[in-house]
Amino acid sequence: MPVQKKLFMKKIITKTLLLLSLFISITSSQLNAQALTTADIKAQMVKEWERSKAYTIDYLNTMPANKYSFKAVDSIRSFAQQMLHLAGANVFFMSLATDLKAPSFPQDLEQRVSAQTKDSVMYFVTTSYDYAISAAKSSDVSKWGEKKKLPFGGYEETRYALINKAIEHQAHHRGQTTIYIRLQGIKPPQERLF
């Protein structure tokens, strides 16, 4: 057999083996892949709320009790007000998303001087997370695609989007308080991404 023909056959065999191994690899990964179920999505949502609660409690415990009234600048919320705002929004978004009866929080929670102690902030924040976790656990995933009208701005979002907005919102405000803690010369809690 001429050398050129041997090289040609070798290239063909090599390409065939590469394509065959690629095919086996793709087929194998498709066989091992599992469909994501609504139960999986709900379980992940509950897990996110539980993780967020633990992370926020780390923040509440890191800031000294006598610094809850601290503001980075005069024109923004204090540490306590940020956390009370977070708590109120957790309840608002999750009640709108799930229709689960919400705990009764005062309308002016952020402004109430009596609510701004460490013990009070801890109560409202943990209550809001417990409510969010319970709402996520008890919600009907088959309704997550339904649209809900927000009582402001003319916005309309799916229940699922509202749950995601709640998670985004609390992460945003918890993140803002990182600078409050740093300005006290304290290292903020280690991130809890998982």
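Throughout this tour, a residue is called buried when its relative accessible area is under 20%, exposed when it is over 50%, and partly exposed in between, using a 1.4 Å probe and protein chains only. The model is predicted, so that local features need pLDDT of at least 70 and side-chain atom pairs count only at pLDDT 80 or more, while totals for chains, interfaces and linings use all residues. Residues are numbered from 1 along each chain as its sequence is written, and side-chain values use heavy atoms, with hydrogens and water left out.

Begin by selecting aspartate 99, which lies in the loop between α3 and α4; helices here are DSSP runs (H or I, at least four residues), as strands are (E, at least two), numbered from the N terminus. Aspartate 99 is partly exposed, with a relative accessible area of 48%, and has a positive phi of about 65° although it is not a glycine. Most residues other than glycine have a negative phi.

Turn next to the aromatic rings. Rings of Phe, Tyr and Trp (its six-membered ring) pair if their centres lie within 6.5 Å, and planes under 30 degrees apart count as stacked, over 60 as edge-to-face and the rest as tilted. By this rule there are 11 aromatic pairs.

Now select phenylalanine 105 and phenylalanine 124, an edge-to-face pair with 5.0 Å centre to centre and 85° between the planes. Phenylalanine 105 lies in the loop between α3 (79–98) and α4 (118–138) and phenylalanine 124 in helix α4, so the pair ties together parts that are 19 residues apart in sequence. Phenylalanine 105 is buried, with a relative accessible area of 14%, and phenylalanine 124 is buried as well, at 11%. For an aromatic cluster, select Tyr68, Phe70, Phe79 and Tyr180.

Finish with helix α2 (residues 38–62) and helix α5 (residues 159–182), whose axes come within 11 Å and cross at roughly 20°, where axes are lines fitted to C-alpha atoms, for helices over the stretch in contact, and angles run from 0 to 180 degrees between N-to-C directions. That makes α2 roughly parallel to α5, since angles under 35 degrees count as roughly parallel, over 145 as roughly antiparallel, 65 to 115 as roughly perpendicular and the rest as oblique.
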